[in-house]
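The following note collects points on local geometry, cross-links and side-chain contacts. Please read it beside the sequence and the model.

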Amino acid sequence: MLLRRLTVGAAVAVLSAVAAPAQADAVSDATYPPGRITVDVVGVNGSGCPQGTADVAAASDNTAFTVTYSNYLAQAGADTGGTEFRKNCQLALRIHVPQGFTYAIARADYRGFAHLQRGAYGQERANYYFQGSAQTGRTTHQFNGPYTDNWQASDQTEYADLVWAPCGEERNLNVNTELRVYAGTSNPQALSFMSMDSTDGSVSTVYHFAWKECAAV
């Protein structure tokens, strides 16, 4: 099992501790937790993120964390064959937050580069959920060829529909992503590909936090 901890700091006023989530209207959008957030990568699995090719870091202002991949590429055509048309990555993250706070994922921004022949198309799919909870619906974003450019896709959840981490408990946040490329009607000898990777760390997937206080008991 892989275990890697990344620590960040941020200073705000210390707020109250413990138990169950407070009502949404008890907290403003500007509420951020004080102190340190840590992200432990406790599990990595999938053809899109071989060992050592996915890095996680938390933002210094406690607003988000990023995942940077260095070998996440799906491709079709040009005799690639096999399972190269589909790549996926499943991350299990343990996010430690200051006492008295809970978090949800409010928005996720996915980025990469695609080269798709005319008639080909690529898809980015994703979902995330807490250990022991029902999986969220998998969203799909499609890009149609001809297309040669950076791509970006975002999934945003309305505040009323956010799924909050249970207060006072530590549960893994499971983050699942997938890339697919289909040759479609394109020339089967022409290569199409879609990546969500970055060799220099400049392209990252960003998961934005929503925060609120836990209710005092």
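1. Pro146 is placed in the loop that runs between strand E9 (139-144) and strand E10 (147-156). Strands (E, at least two residues) and helices (H or I, at least four) are DSSP runs numbered from the N terminus. The peptide bond between Gly145 and Pro146 is cis, with omega of about 5 degrees. Most peptide bonds are trans, and most residues other than glycine have a negative phi.

2. This is a predicted model, in which local features need pLDDT of at least 70 and side-chain atom pairs count only at pLDDT 80 or more, while totals for chains, interfaces and linings use all residues. Residues are numbered from 1 along each chain as its sequence is written, and side-chain values use heavy atoms, with hydrogens and water left out.

3. The loop between strand E5 (73-76) and strand E6 (86-96) holds Ala78, and Asp79 is in the loop between E5 and E6 as well. Ala78 is not a glycine, yet its phi is positive, about 55 degrees. Asp79, also not a glycine, has a positive phi of about 60 degrees. As to accessibility, buried means under 20% relative accessible area, exposed over 50%, and partly exposed in between (1.4 Å probe, protein chains only). Ala78 is partly exposed because its relative accessibility is 31%, whereas Asp79, at 65%, is exposed.

4. The structure contains two disulfides, a disulfide being a pair of cysteine sulfur atoms within 2.5 Å. With bonded cysteines counted along the chain, the pattern is 1-2, 3-4.

5. In the disulfide of Cys49 and Cys89, the sulfur atoms are 2.1 Å apart. This link of Cys49 and Cys89 is right-handed, with 95 degrees about the S-S bond. It links distant parts of the chain, 40 residues apart: Cys49 is in the loop between strand E2 (35-45) and strand E3 (54-58), and Cys89 is in strand E6. Cys49 is buried at 3% relative accessibility, and Cys89 is buried at 0%.

6. Cys167 and Cys214 form a disulfide with their sulfur atoms 1.8 Å apart. The link of Cys167 and Cys214 is left-handed, at -90 degrees about the S-S bond. Here too the pair links distant parts of the chain, with Cys167 in the loop between E10 and strand E11 (173-182) and Cys214 in the segment after E13, 47 residues apart. Cys167 and Cys214 are both buried.

7. There are 15 aromatic pairs. Rings of Phe, Tyr and Trp (its six-membered ring) pair if their centres lie within 6.5 Å; planes under 30 degrees apart count as stacked, over 60 as edge-to-face and the rest as tilted. Phe65 and Tyr207 are stacked because their ring centres are 5.0 Å apart and their planes are at 15 degrees. Since Phe65 lies in strand E4 (residues 64-69) and Tyr207 in strand E13, this pair ties together parts that are 142 residues apart in sequence. Phe65 is buried, with a relative accessible area of 0%, and Tyr207 is likewise buried at 0%. The rings of Phe143 and Trp151 form a tilted pair, with centres 5.5 Å apart and planes at 50 degrees; Phe143 and Trp151 are both buried.

8. Ring pairs join Phe65, Tyr103, Tyr110, Tyr128, Phe130, Tyr207, Phe209 and Trp211 into a cluster. Trp211 belongs to strand E13 (residues 205-213) and is buried, at a relative accessible area of 4%. A polar atom of the Trp211 side chain lies 2.7 Å from the backbone oxygen of Asn62. Trp211 and Pro33 are 178 residues apart along the chain, but their C-alpha atoms are separated by 7.4 Å.

9. The count of salt bridges is seven, each defined by a side-chain nitrogen of Lys or Arg within 4 Å of a carboxyl oxygen of Asp or Glu. Glu170 and Arg94 meet in one of them (3.7 Å, N to O). Because Glu170 lies in the loop between E10 and E11 and Arg94 in strand E6, the pair ties together parts that are 76 residues apart in sequence. Glu170 is partly exposed at 45% relative accessibility, and Arg94 is partly exposed at 22%.

10. Arg107 and Asp109 also meet in a salt bridge (3.1 Å, N to O). Arg107 is partly exposed, with a relative accessible area of 28%, whereas Asp109 is buried at 4%.

Technical notes: A polar contact is a pair of N or O atoms within 3.5 Å; within protein, one must be able to donate a hydrogen and the other to accept it, and residues adjacent in sequence count only if both atoms are side-chain atoms.
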